[in-house]
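Work through these exercises with the structure open beside you. Try each task before you read its solution.

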Amino acid sequence: MNASAAIISIPPAHRPSEILANSREIVDPGLRIAVDLLPEPLRQMAGYHLGWLDVRGEPARMSAGKLVRPALAICACTACGGAADSAAPAAVAAELIHNFTLIHDDVMDGDTTRRGRPTVWSVWGVSDAVLLGDALHAVAAEVLASRLPATVVGPAVDRLESTVIELCRGQHEDCSIAQEREPAIGECERIAMGKTGALMGCCCALGALCAGADEPAVAAMDRFGRELGMAFQLVDDLIGIWGDPNVSGKPAGDLARRTYTVPVVAALRSGTAAAVELKQLYSQPHSLSAAQIARAAELIESAGGRSWTRQEAERRMKSALDCLPAQLASADLRVLARLVAHRNL
């Protein structure tokens, strides 16, 4: 169905918990089928990472994430007039790619905890973690190729793989500036668009493709997702400093590693006395101590880095909604946008 054929009247929104729960019902079966395509021990490692299994391979009931990206794919599909179930392959592929990036990020960042449990690499080693990430990427493409209508497969796989290339470029740029020099805000935004905005844009565009939407609608969904991804990353940067690890499932280690996230860069460029002291802390040749981390957080807030990032996340969320024409701005997409911009804060 083309966007022009979509119903313009917008129904009442579901609650965020309802949207995510409905998305999980659609995604979980296909995600389990996709993971079952993997050979052992990759299948067990994937099940562990996704919270289905413990380290021994026994069934577990752990958090597997909120499935925000699959929810965006599904809601984008329904906003374009498609049935929610028709977006299942796109939603599954999106979640597989997201988890591929998480597994590789943990390796590159040296993080030992993810979702409250030891990371894959810290249990099975770096080599197996890299291989598992690669396998999830391959399975994501296979899901699209085998489960989408023939007319949609080509554009969908092309978009997915182009997004992976963009993700890799963004990650490369992120690693290249880590602890080496102070980047400009524009550089941080470009990296965030490559690492987070690109995948969220892809999720929304894939959902639109599953609905048979025309190119203008697909492009609008891509822009919406990209802007929302920017808001997501900005909030993630805030959580990386002030978030509760018991909620996020991951240690707030950005300051310990002296990572140049947006709140840090905004504070450093404030021209304040707090910025001067913060710069001195970030010039240390070693990881920051607990006392130094606490002081750095105080300085970032004093220099305005926290409030600027919070305001910019809100602006990006509103910009995302402005990307959608009225007939595509569904109530559920609006709810998801607010959830992304306000989560855990």
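**Exercise 1: a residue in a helix**

Find the contacts of Asp222 beyond its neighbours within four places in sequence, then say where Asp222 sits.

Solution. The model is predicted. Set aside the neighbours within four places; Asp222 then touches Arg159, Gly201, Cys202 and Ala205. Now test burial. The cut-off for buried is under 20% relative accessible area. Asp222 has 14% relative accessibility, so Asp222 counts as buried.

**Exercise 2: the span of α1**

Check whether the span of helix α1 agrees with its number of residues.

Solution. Helix α1 covers residues 16–35, which makes 20 residues. The rule is 1.5 Å times one less than the number of residues. Now look along the helix for a bend. A kink of about 35° lies at Val27, shortly before the proline Pro29.

**Exercise 3: Pro29**

Decide whether Pro29 is buried, partly exposed or exposed.

Solution. Start with the place: Pro29 lies in helix α1. Then take its relative accessible area, 45%. Buried is under 20%, exposed is over 50%, and partly exposed is in between. Pro29 is therefore partly exposed. Finally, compare sequence with space. Pro29 and Val92 are 63 residues apart in sequence, and their C-alpha atoms are 9.2 Å apart in space.

**Exercise 4: the buried side of α1**

List the buried residues of α1, and name the helices they pack against.

Solution. The buried residues are Ile19, Leu20, Ser23, Ile26, Val27, Gly30, Leu31, Ala34 and Val35. An α-helix has 3.6 residues a turn, so residues three or four places apart point the same way. Look for that spacing in the list. The partners of these buried residues are α2, α3 (68–79), α4 (88–109), α6 (126–147) and α15 (331–342).

**Exercise 5: α4**

How many of the residues of α4 are buried?

Solution. Of the 22 residues of α4, 19 are buried, and the helix is mostly covered. Then check its span. α4 reaches 31 Å from its first C-alpha to its last, close to the expected 32 Å. Gly110 follows α4 and has a positive phi, near 70°.

**Exercise 6: the cavity**

How many cavities of 30 Å³ or more does a search of the whole structure find?

Solution. The search finds one. The largest cavity has a volume of about 80 Å³. It is lined by 13 residues, and the closest to its centre are Tyr48, His49, Arg114, Arg115 and Arg117.

Key:
Residues numbered from 1 in each chain as written. Predicted model: local features only at pLDDT ≥ 70, side-chain atom pairs only at ≥ 80, totals over all residues. Heavy atoms only, no water. 1 Å grid on protein atoms, 1.4 Å probe; cavity = no way out; pocket = protein on both sides within 12 Å on 5 of 7 lines; lining within 4 Å. Points joined across faces, edges and corners; volume = space filled by probe spheres on them. Helix = DSSP H or I, 4+ residues; strand = E, 2+ residues; numbered from the N terminus. Bend = angle between axes of the 7 residues up to and from the residue. Buried < 20%, exposed > 50% of the residue type's maximum accessible area, 1.4 Å probe, protein only. Contact = heavy atoms within 4.5 Å.
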